[in-house]
Every structure is written in C-alpha cells, then in structure tokens.
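Trainee: I am new to this structure, and I would like to learn how to read its features one at a time. Could you guide me through it?

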There are 4 protein chains.
Amino acid sequence: MKTGEQYLASLDDGRKVWFEGELVERIADHPILGRSAQLIAEGYDKVYDPTGDHSPFSDVPTDAAGLREHIDFVHDLGMLAHVTYTSIMTLLTAAGRIMDSCPEEVERINAFVARARAEDIRITQCITDAKGHRKVRPGQQEDPDSYVHVVERRDDGVVVRGAKLHITAASLGHELMVIPTKGMKPGEEDYAIACMIPVNAPGVKIVDVSYAPRHADTGTFPVSGPVSYPESFVILDDVFVPTERIFLDGQTKYATVFAHSLGLWERLGGLSSMADGADLLVGLAQLIAQANGTESVAHVRDKIDDMIIQATLIRASLEAAITHCHVGDNGAAFPDELYTNAGKYYAASHYDRLVQSLHDIAGGSIVTAPSLADLQNPEVGPAVRKYMQGNPEFDGETRLRLFHVIRDLTADTYGGWRLVTNIQAGGGLYAQKIVTRKWYPMESAVARAKELVGVPFAP
Amino acid sequence: MKTGEQYLASLDDGRKVWFEGELVERIADHPILGRSAQLIAEGYDKVYDPTGDHSPFSDVPTDAAGLREHIDFVHDLGMLAHVTYTSIMTLLTAAGRIMDSCPEEVERINAFVARARAEDIRITQCITDAKGHRKVRPGQQEDPDSYVHVVERRDDGVVVRGAKLHITAASLGHELMVIPTKGMKPGEEDYAIACMIPVNAPGVKIVDVSYAPRHADTGTFPVSGPVSYPESFVILDDVFVPTERIFLDGQTKYATVFAHSLGLWERLGGLSSMADGADLLVGLAQLIAQANGTESVAHVRDKIDDMIIQATLIRASLEAAITHCHVGDNGAAFPDELYTNAGKYYAASHYDRLVQSLHDIAGGSIVTAPSLADLQNPEVGPAVRKYMQGNPEFDGETRLRLFHVIRDLTADTYGGWRLVTNIQAGGGLYAQKIVTRKWYPMESAVARAKELVGVPFAP
Amino acid sequence: MKTGEQYLASLDDGRKVWFEGELVERIADHPILGRSAQLIAEGYDKVYDPTGDHSPFSDVPTDAAGLREHIDFVHDLGMLAHVTYTSIMTLLTAAGRIMDSCPEEVERINAFVARARAEDIRITQCITDAKGHRKVRPGQQEDPDSYVHVVERRDDGVVVRGAKLHITAASLGHELMVIPTKGMKPGEEDYAIACMIPVNAPGVKIVDVSYAPRHADTGTFPVSGPVSYPESFVILDDVFVPTERIFLDGQTKYATVFAHSLGLWERLGGLSSMADGADLLVGLAQLIAQANGTESVAHVRDKIDDMIIQATLIRASLEAAITHCHVGDNGAAFPDELYTNAGKYYAASHYDRLVQSLHDIAGGSIVTAPSLADLQNPEVGPAVRKYMQGNPEFDGETRLRLFHVIRDLTADTYGGWRLVTNIQAGGGLYAQKIVTRKWYPMESAVARAKELVGVPFAP
Amino acid sequence: MKTGEQYLASLDDGRKVWFEGELVERIADHPILGRSAQLIAEGYDKVYDPTGDHSPFSDVPTDAAGLREHIDFVHDLGMLAHVTYTSIMTLLTAAGRIMDSCPEEVERINAFVARARAEDIRITQCITDAKGHRKVRPGQQEDPDSYVHVVERRDDGVVVRGAKLHITAASLGHELMVIPTKGMKPGEEDYAIACMIPVNAPGVKIVDVSYAPRHADTGTFPVSGPVSYPESFVILDDVFVPTERIFLDGQTKYATVFAHSLGLWERLGGLSSMADGADLLVGLAQLIAQANGTESVAHVRDKIDDMIIQATLIRASLEAAITHCHVGDNGAAFPDELYTNAGKYYAASHYDRLVQSLHDIAGGSIVTAPSLADLQNPEVGPAVRKYMQGNPEFDGETRLRLFHVIRDLTADTYGGWRLVTNIQAGGGLYAQKIVTRKWYPMESAVARAKELVGVPFAP
C-alpha cells in the first residue's frame, strides 16, 4: 500500500499535463492541480495500513449488506476511492462476461487487477470518445480518429490514436483504463479496443480544466476552494500498448461489455451521491430559512416539504436498488439495474427543482452578499456583519457564510459543474431512460393489461 | 368463519340504506349494491376454511418479509380484506399506544377484536366527519353536529350524533369503527369519542352513491361493470352505544391516536395499490401503442419511458418502506413512515401525468370508439371491427375493447373516481406533506449543512 | 335562413344512425340524440333573422378586432356555430391556396359555399381516417380502406369507401366535408380525395356514442345532463359523389391543403375554449374553497394562485395570437400560428394540473356526495343538507350542487371526455409541437446565438 | 446631455466604494469595476446628441405602440438605460398617486426629475432593506436599523441610517433613489421615508461584488468577460438628506406607493429580458445540436420543441401585457399588471427547465472543454481543435467557443447570477404570485362557476 507522500512522489513520472495553455512542471506544486493531488494523498493516508496488502476499497461486496457498507465507505473517501473502485469492479464484471470467449484477455485482466491491488495504484476509467459527427458511425467518420482506434499492429502490441473526454482527474492517476464508448459493428474491428495505458506513456497528453476559484479571497468559496478536482481531456497521440495490457482487440461483439459494466457502477455512484446531495440541499434550505426567520412561513414550509419528498424518493430508489441487488457468477453483488437507473434519472432531471426551491427560499443575497474579505475590512466589516443578520439567533457572519456556501454549491462555478455533471454523468438523460426501459418488467405489465381487456391475444 | 352465502344472509338485518333517493329493500337484490355484495361474498368463499377459527387476513405480520407477503395477499382479496385488515391493525396499534393510560378501553378493544376474528365479521373504519366550516374548531361550529359527538350519557352507554363521510362500502359491512377525525382540545371532550357501532343499530342511516355504470350495454364498461363498490355517507342519528363498545370517551389527548394509526395503514394500502396501478397503466400504454402500430415511434417510446420511471419510483418507495419497517411494542411490523408518505404523495400528485401520457399515446378513440353493442349489430358491426383495426396483429375487436378498458379505467365515471380518490385517500396532498415532513430526519440534514458552513452555530 | 323547427324537420331525411347497437328511428325523438338536436335547433332560433340571407357566423373577419369579436360570438353559440364556421373557413382558406392550380375545383367550392350560406345548412368536417397500422403508408395498408379512397370512377362522379372517426355530431348536420387526413404521395392518387357528401347519401352509416348520463337522476349531472353532443363514427360504404361535389381528386401535392387550413381554425377554437375553461376552473376552485371555509388557508391560496397563472398564460397566448393575426390573400384574418399552437399545447398538456388542483382543494365529496334525489328524500334529505354544509354562508344544497358540477365537469363521464379531447382535438400533443416548431422564428434565435459565439460560421 | 467621457469623469467625486475588502481608488481604473463603468460610458455616447436637452430614454410612452418601441430601445442600451428609466417612471407614477395628499412632495419630485433629465444623470433605485428577522415588523426589530429610517430631524432635513441590498451598480450611478421596501404601520413613521441621496454624500458606503471572471484567460468567458455589472451593498451611515430631496416622510399610508410603482416596471423589464433570454437559449440549443450533429435526433428535437413552446408563452405574456396596456392619469402608458406578473412568474419559475434542456442537448463538454488558451498552445492546440469537432460543417474552434458561451451563460459564475436573479428580481416567486392574484378577475371567474351551479347564492 502507498502512503500519501509516496503517491505524490509517484506523480513526478514525466507525465505531460497542460492547464490553461501551459505545460505543468510538477503537479504537486501547481496552485490548482496541487491542491487536488493533496486531497487524494490524504485519502491514501486515511486507509493506509502498514500491514495490509491491498487497499480496502478494492474489496468486493457479496450481498446487500456489503453493498450498503461499501457505498458509505466510498462516500467517506470521495472521488479518490470511487474512481479506482469503479474501474476494478468494471474489469471484474466484464471479465465474468467474456470468460468463455476471450480466456486469454481475462487472464490479462486478472493479472493486471492483482498487480493494481498489490501496488495500490489509482486507475481512471476513460470511456467517452471525441465522437465527431453524432450522426455518423465510428468507422465512417470524416476524421477516423474521432473514436480511439488501432493505427498500427506490431508483434508485441498495438499503437492507438484518438482522445477521451470528460475524464475526471486522469492527470492525477497512474493508469488509464481505455474502453470503447459504444457498440462496434463488423468492419470496425480497430475500434473494438480496450486496454490499460500508463499516464506517463509516450504520446499521452492531458489538458486539464477546473472549476476551482481563481479569486484572491478563497474564503468566499467554502466548498470549491478547499475541494476541487480537474476534468481531463486525454489525447492519445500514437501510444504504444504492449500485448499484456490489451483486454479486447477486434472482437466487436464484446465492445459494449466494458461500457455496460461501467455504466451500472457509475450510476450507482451517481445515485448515492445525489441522495446525499439532496439531503444536503434540504438541510441548507431549512438552515437559511431559520437564519432569515421564515422557517414557519407557509409557502416556505411547503417548498421545503417538496424538497423533502424529492430527497426521500431518491433515497428510496437507492434503498430498493440495494435491497434487490443481484449476485453475479463471480460472487460480486450488483445493485438492481431498474431501481438504480430510474432513481438516477429522477434525481438528475429534478436536481434543478431542488436548486430553484433553495434559491427561492434563500433570497438574492446568494449572489449579492459581500465577500469574506469585506467582512474583515475594519471600515465596512462591522456594517456588513450588522446588516447581514436576520433572525438574531444566527449572527451576521454565519448567515453571510451560509449564503456563500449556497452560491458556491449551486449558483457559481462549482454549482454549474454540478448542474451539468448531475445530468451528464453516466450518460445523459436519454441514455438513462433507455437503460431503465431495458430493465423494466414490461412483459408482466402488459400481461396485467391484457388480463383486463379480457379477450385472447394473438400469440 | 363465514361462507359467502352466510355473509350475504347476514346483511339482511334491518339496516337502513338509501340509493339515489330510494330506500334499499334487500341489498343482495339491488341491481348495483347487490353486485358489490356478491364480490365480497366471493372473497369470503375464497379464504373459507371449515377447520379455521379466523380469517387469514386478520393475522399480524411481524417483519419485513411478513409485511411484503401480507400486502400481496390483501391485494388479491381486494377491497374486502383491506378494510377489515386496516381496522383491526388500527385498533391493535392504537391499543398499544394507550395501554398505560386507558387500560379498561384496551381491554374492550381486545375483547372486540377477539370476537370479530371469531365471528369473521367485516369492519369499516369511519373517520372523516362532515367538518362544517373548515376555519372553525369542532367545539365551536355553528352546528355542533358537524363532528360526531356524545349528546347524552346514560348509565350503560352514550348516545352519539353526527355523520361520517367518504366511507367505502359501509353499507356492506357489519360494524362501523367510529373514531375522531382530528385532535381535540380540552373543552371538546364530547368529541373525543371512539366506538364500534353495528350497521343495523337504530339511528344509523346510510346513503350510498356508486360509480357503477347505468348503461344497458355494460360490456362497454369492462372495469367498473363487473367490479364496483359504493361510497357511503353515514348518518348517526342519536345512536346508542353500550359501554363495552366505547374505546375512547373524553380523553382529548388521545383523540388522534386512532387516526394516526389508521393513517399509516391507509397510506400503505394506497401506496401499494398505486404501485400496481402505475404498472398497469404502463402495460396499457405499451399494448395500445402496439395495437396502433406506434410502439417504436420515438416520442411514443419516450412517453412510455417516462411512465416506466414514474412507476418504478413509486415501487421503490414501497420497497424502501417495507425494507426499513419497524416493529412496535406489540410485535406488529409497521412500514416506515417517511418512505410510505413520500411515495404516496409522489404517486398521488403525479397520477394525472401517467393518465395524460396514456391518453396521448392511445388517441381520441378512448372516448369515441363505438360500443360493444354496436360491434354485435349485424349491419354496422363488421364495419366497426374492420375500421377499429390498427396493427393487423391485433384484431379490431381487441383494439376496441382496449379503448374501453382505458376509458373506463381513466376517463370515465370510474376513472374520475380514481382520479379523485388517488389524491384524497389518506388525507389530501397537503396532509401527506405534513406527515412526510414529520418523519424526515431534518436534524441530520441540517447538521450536514452546518458542517459545510464551517462556523460554530449558537446552540 | 332556417328556424329551429325547420332544422329539426330537416334531419328526418332517411339518414342511417346507430346508437348502442340500435338503429335510430327518428333523431328528434331519441332520448339522448334528440336532446343534442334540440340544442342545435335553439342555436338556429337564436340567430334567426327573417330578413337575413345567411347566418351571421358564416361571415369572415378581416382584422384583429373582427377576429376577437368572432371568437366571442362563436363561443356564445357553442358547438353549433363552431363546426360550420370552421368548415367554411377551411374551404375558403384552402380555395385561396389552390386557386391557380385547380381553378375548376375552386369554382365548385365557391358554388357550394354560396349554396350552404343561402340554405343555412350545417356542415361537419370529417378528417381523421381509421388509419389502420400507423407504421404503414395509406397506399400500402393491408386493408386498402383504412384511409378513405376512390374505389370506382364514373362519368358523372366517383365512388368512395372508408371511414372517418372522432367526428363530433356528424349525425346532426346536413353535409360531411370529407378531406384527406394527411399528405399523399405519388401512387396514392385515389386517396387524395376531398368532397362534400350529404349525411343521407346512400352508403353513409353513422355510429354515435355519447358521454350523456344514463342515470335516472339527471339533476346530479348539472353539466352533461342538459348539454351533450354525440361523437360519430362515419362509415362510407361505397358512396357515390357527383362531380360538382368533388373539391380535390388525385392531385396528391395538395392533399394537405385542406387539413392545414382546418388545423389552424381547430386549434384556435380549442385555445379560446380552453382559455374560458381554465377561468371556469379557477372560479370553481375559489368557490368551493369558500364553501369549505378554506379560501384563506395558505396552501389553498397557493394552489389557486398557480391556477390563476396558468389560466392567464393560456389567455395571453390567445391574445397574442389575435393581436398578431395575419390577413390572407382573400382578405380573411388568420390568427398567428406560433402563438396559437404554443398556447394550445400548453393548455392541453397542463389541463390535468388545473384539475388536480381543483380536486385537491375541493376534497373527496366530489365523488362521494349523495345525489340530488337523496336530497329530496324526506327521510335522509334533511341530514344530507345539514351535513353537506361547510362555511355557513353557503347552504348545504349549494355546496352539494357545487360538488356535482365539479364531478360532472372534471371527474366523470363528461370530465373524461374533456380530459381526452383537450389533448386530442387538433391532433395530439406531438402534432401540436410539430406545428409550433414550424412557425417558430428559429433563424433569428440561432442568429442571436451565433452573435454571442462571436466567430464567423460556415455558410 | 453627457458624453461617455464626462460620465466617467463624474464618478471621480469622492465616493466610497469597496471591492473584495479594499477601498477602490478610482473606479475607472479598477480592473473589474472600470470595465463596467466603461460599458455605461459607451451607452452615454450611443445616445449622445449635442443638440438634445435630455436623454431619449427618459421620454414617457403613452400607448401600446410607444411601450413596445421603448422596450426595444431600452433593450439595446441594456442595464444602463433600464435603471434610470425605471427610476424616473417610478417617481412619476408615484407622484401621480400621491398628488392630492402630498402636493409639496410631488413638487419636489417633479423638480428633481426635471434636473435629472437636464443633467443626464444616472439614478439607481434602492429598495430592498437588510430586513433583519423576517418574522418581525420593521418597527419592532431588535436592531432598529434593519430597515432604513430617520434617526434625527433637523430644520433643513433629516439624517437616515440603514442599508439597501441587491442594488445593481449603485456605485456607478449618481443618485440613489431610496424608497421603503414594504408597507409601514402607524408607529413606524420614521421608516416611511423616500428620498434621493447622491452617491458621494458623506456616510454613504458601498460594498461591491461581481460575477466577472478572475481568470487570466478571459477569452474562455465570452459573455461575462466583456460585459458585467457589480451588485452593490449600500450602507447609509447617518446620511443627511436636505428637505428638497425628501419625497415621503412619515406618511405611512403611502409607504408602498413607490414600491408598487417600481414593481410593475421592474417586472416588465424582467419579462421582456426573459423573453429575449429564452429565445437565445433556443438558438443556442439548436446551434449546439447542429454542431454535435444531433439536431434531427427525435428526443433532441422534442426537447427543443419544449423550449420553443416555453419561449413563445413568455413572449405571448409580454405581447398581451403591451396590447392591453393602460394609460394613467398623467398620460403614461403602463403594461397590464395581470399578464406582466403571470408571465414573469412563469418565466422565472421555468428558467431552470430551459437550462436543463440546453445542458442535456449540449453534453458534458460544457464544463470539460479545454480553454481558449489551450487552443492557442502549439503542442496541444491542434489536437484540441481536432477532437472538439463534431459535425464537420462546424470547425472545432467554433464548437469549443459555443460550449464556453453556454457554460458562461448558464453554468458558471454568470450563469449562477442569472439563475438567482431570474427568480429574485422583482421580488421572489411568492411575491409574484401575490401580485398576479391581485390583478386576476376573480369575480368574473366565480360568476361563471356560480352560473353553472345554477342555484342562487347568498349575497
């Protein structure tokens, strides 16, 4: 297992990362990326056990109770654990599904997972391609590199080219788990490629963006100031992948196996984090209503009630998904697809309603409250404190900070990031609908309907 | 235990029931009420066991598995089991809560429940009062009878007066479980009355209404034609209640105990029936889309997807309510209040959206399709069949019948009844919000919010 | 011009109409259809002017003020005026569009309109075909009669076969304006047929259905009892149409001209009637809240406020459609397509929300209130009146009647009819979207967006 | 009239403005506020007419056509014109309403308006007080300064204390129009104060915040980079107001006159700007769909259709408000209150739905697209351009810029500002409901409902 310090040192491996137009010298020293790396290092330290032989979050739950426990554990560790855990679960799930037809690849997967656990490395799943023209299939794009593909075959491996987008913190991990973003058809064999690529492999170039605040006064960003992660744009510029790191190559019929395995875990992660997020917004709404002195006003109560119901429905979906989990051939427990996807869709598509209620309850000071720096200014600070006080049980500074939390969380750079990623993570609203439909017991619903019609139906 | 025949005979006990302005001679012979009584009689026959000493649906579940099983069982038996089951559970739950302070009343309750089980009688909960002016408390109404109350006290009992509204099939049961509709304050002792009244007691008058079709051609009402239950307006015109049938009298602080106990069971019943109902609407939407030949049209699929997600969220709430059930002091398992209420609210307030999608997918023939009688007419029947055919895999008659099912279920007399009762059963949307809020873990949501603000809060 | 009596007599012309499986002897004497015919007769009497030479509602508005006046006028006359007015406007609008290419047909149209005005006859537009399998084009259906088409050509005319569905009160008019339901392609010439057919022409068979109540106690149906119209299923069983009554025959490129002309007027009619309908529901909500004594309760007020905003948006769309009306080549004023369609869509797709709010405010008595017959019964009538009283400013009978109005209008047979026709009239939600999009100034919206991007776009 | 240069010079008048904890030396030189001042200066130059005697936007429209023209004009000039125009209209409207009872004050108002027009000065309306505990009336707050009030009376004027919040760009104007935020009751005379205060008056202290980006790479903020305005927190620290600048002092019954006059103009401004904003989002959605190559995908089209309908309803409300405008006693035309408020409420409460659709259509690159600086980097720029290309008709840079426009406009600092201010401007959703209800013709809606009930109602 790695300590935080060992992790930070391991990033200094020649990787090529750009940020706002400039090459990053050393990640740990970068004003924005360095802070993110530090957070991950703290996660390493938190679970470090000098006697252990692998990180606890690479363990696999085998029943509903284990699944529930795991979700809590991953939550506590945040982004760090989530990414690696999801990657490993995806590999194992996929391995279970191609076991018979691709025994060699499965062996390579198992070997890699064993090494990854032993070396305690951080793996980032890289799925979404650049995609080019959405109307056109991968193999028929004007620019053949719109989807990652093999451009050269050698005795000891392949050379791949393309880009992977929307990859959270790819620049802060050790390995890129590159998998096809969608199904491939015969003739698209070169696009049916899944493999593992070290972040510092020659030809890998990462462009990072971040919602981290650039303001001098970071105190006014109580959420995104201390905690932020970059989003990576991963360019694979003719990268060589040795054979033992290839998990799929050319078997188009299995191209979706990895994506489907990933999807479920992504959406479970999304659902559980939105369940917590919804409760947090309820808490903020109640708190700011109290600080304003409006918590017993009828229409404010009514809005909070609506938020409560929404938050509870999201959690109910998560609970039902866990309660009705399934156990795969390899003994790993999976959440129920139907409840996971329906809950994820509902949470994503109604997140804006929670935010609207919170904003409506809180008021305009979300965007007009003076900064913390103003509060500290001797000439205007006392007046800011005085006039930011609402209900005298909350002092002015507390209410001011509360407004900054709400703004940073829901109406600012980080809020925008949440607004978008809540919808997009795990594949857009429409994709979520498609998957939900796939798992809905349509046959029995139709059977009930037929019964009511009461005449025999043609077979 | 009673057979169906014994049940039907038992209704011939001198009860006073009116229907559309006329006194009903004999319920079993009435063209509309007789049909409803027959349905209940069939339920008696279905569970009749000559060696049994009580009806199986008066058993009490003690854990999540038992609760889930019970729900299915009650579903199969329909309205019949639901009413009596709910009444008995309400009495037992309430008894558990007033055990210490009202030992005598609890003894009477237990004695009554024992007799009810032994004699296999049907009990109807009577909760909603006429209520008079909603702004005015029970004890201050212009008409003191707006809420049921004691008008005379005798050595051997009390005389009560008032009315109970929205009582499903009170005219078809044996006993009326009369309980206060809301909390009572000191000074309203006469209104804090809970008791059991035989349907044929002198002074009990019941006015029934029914959504049952009055059309000659009942085949065009495939849902409400064969199955309907009346709604009763129960008038208590100075009814004497002997002491052993009084379960609460004057203890205003316990006035809400019965209503709260009832509320939970009502809402669980409502939630589980709406979960089934939602799946049925999904099935009908899919079936009519196939019969029309539109099931793969993008916007039709999208609407069905929305219906699927909604149906799944309702079921997720039910599942979470059962999974997280609680066991009371008397060993009886109760569904979780928060999940039950949030789910019930969501299902009730979104039922109209399911119906809209179904109507939008099905088309105008829901209300313009010829009747089954027209189909049987030799002159126009063949043309009706011919032109009602859409996708040739479904013949014209099947599609015609499907439209009648949809109309009867969602857009006609019975549909209207469902539209209203889905919202009102268990107490209106606002009441459902209030109860949901009551059970939401607001403290922990607020704690999370405070944590994020990061400054200490005044205690 | 015709008097009401003359109109009623004119229906006795040998037409073939079926109702619930039986041939109707004489329409004026039929218990249900007779009532509808009587309503239309009253409309004839209302506008009858012994010195006039045509009905006032066949006049054509030429500007916004005229359009607004016409809408009010048509409203007052109800269904009667609407149908004929819409048919004549459709014919004139279509004539204006095919003037150059089909001069002969335009002449026939003008001649027919002149005669129709002179003889004061009632025309019913017949557009929707049976349609068969929705995935399959008209010319390729398994049953070629799924769309009305020419089956034989003679020197003096054509013979047509097929059916027209969802035709309100076709059995109560004089002429059927038969037009294609959608665009036709080369090869479908026989389906590009528009013509005028007398209701009593040999081969015309009409099957009527009606939401009119069948209850003995019609007082309990205060809305649909006195006013109801049938929906007709019109079968054209090899009907001969003489040449002078053919308005289009084989010119597939003009097949949609009539439908598009009709669509706009249908949707304007729908929009203006939904604007009134929404205000009516607001009024009912306010009134029942007062009768219950809850009109100042915060959540009730809030729901009424939501209803008010919705009703006002619908009316705003109507106002904007009239204000921005356009004048066609023939001098007739047309409402703006964009505002008409967007408003219609909004009103249709949100009607259920108005109904839900009304039901939530009113309470369960909508479906459980005793009948008016019960009120008149000497034994239970006084108790019904007593216990139906809420706020003492409204007596029990008034509140009881109010519940019956709400039930009949929104939750019963007639309510179901409204629920469905609000969505379907003028072509289903999806069709309404398509038309709205067609008229939206997308180019200027995109231009504004491009401006903001700030780089030149490829042409 | 003032030139832009004269305007900029006029700001150098000793005013006290703080930004992020620091006193601003000279506004025109400040990196963020200077940019905003420059924008206003450009507005001055745009309308400057060396021969004119007042700014054109201080003219008063007198009919619907004038009102419509004015809205367009004010739009072109943006924030600048809006604020002064609204202030002047508010003063004139209020003057018209207190003409009889406060003749002296009306004279002062007229004199001030005349001078303001002659000197071409910028007036900022200051309405919202700090408000303290929302449950407690102004006169009973623990801190009496929670609402602006008179703390001292002198022969030649009064001294006021308090704060005004959410004031857009108060630091960039010349005069603060201070008016009561709500009704005052007898005993609260000191709070019934309306007056005009120069920004540089002793005791005035302004704390500014701004959503302007702080990033080095401002090109990535194409909307808020070039155009931003600060929000001011205005502290009145014992400011002396001479008598001729007092417009109301102590007449509690007129305390709301100014606020009501302002409210209507605020909401009209809000409505017209949201109508334009909605069309812009439609345009962006269509453009990004084209750039992605998804504009003909069914579910994408459907979402754009929904956006179109919403945008059209907002504009319909604006159109109806203008068409049905009213002319006040002083000859000034006012938009219709009902349509203005209902439209504003709808637009504000549904803005999040437009944004959600746009995000759903656009995809995750809204928040993960590399910056413009990355595009210019020679090492990764070409790959960024290459992989950001979707539909080849749009080059990669154009699509990249489009994502930045969407992010900046809807999902970032400026997007958050819009999200909040769309709801809060003109007083929060609940306030908008209240005003809408006030103007709804409830009586006629109720009359229609009564008619349908058909029995006489108690008077």
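Predicted model: local features only at pLDDT ≥ 70, side-chain atom pairs only at ≥ 80, totals over all residues.

Trainee: How many residues of chain C are in contact with chain B?

Mentor: An interface can be read by listing the residues on each side, then asking which elements and classes supply them. Here 71 residues of chain C are in contact with 71 residues of chain B. On the side of chain C, helix α13 (residues 413-424) provides the largest share, nine residues, and by class that side has 27 nonpolar, 27 polar and 17 charged residues.

Trainee: What domains does the assignment give within chain A?

Mentor: The domain assignment of chain A gives domain 1, made of 4-53 + 102-250, and domain 2, which is 257-446. Taken over C-alpha atoms, the centres of these two domains of chain A are separated by 28 Å. Their contact takes 16 residues from domain 1 of chain A and 14 residues from domain 2 of chain A, and the side belonging to domain 1 has nine nonpolar, five polar and two charged residues.

Trainee: In what order do the strands of the open sheet in chain C lie?

Mentor: The general idea is that strands of a sheet pair through backbone hydrogen bonds, either parallel or antiparallel. In chain C the order of the six strands is β2-β1-β8-β9-β5-β4, with mixed pairing, and the edge strands β2 (22-23) and β4 (149-154) each pair on one side only. Strands β1 (residues 17-19) and β8 (residues 204-209) of chain C pair in the parallel sense over three bridges, and C:Phe19 has C:Asp208 in β8(C) as its bridge partner.

Trainee: How many residues of α12(D) are buried?

Mentor: In α12(D), 14 of its 15 residues are buried, so to speak a mostly covered helix. As for its length, the 15 residues of helix α12 (residues 396-410) of chain D should span 21 Å at 1.5 Å a residue, and the end C-alpha atoms are 21 Å apart, which agrees.

Terms used
Residues numbered from 1 in each chain as written. Chains lettered and ligands numbered in written order. Contact = placed C-beta atoms within 7 Å. Helix = DSSP H or I, 4+ residues; strand = E, 2+ residues; numbered from the N terminus. Nonpolar A, V, L, I, M, F, W, Y, C, P; charged D, E, K, R; others polar. Domains from an automatic or database assignment. Pairing = 2+ DSSP bridges. Expected span 1.5 Å × (residues − 1). Buried ≥ 20, exposed ≤ 12 C-beta atoms within 10 Å, placed from the backbone.
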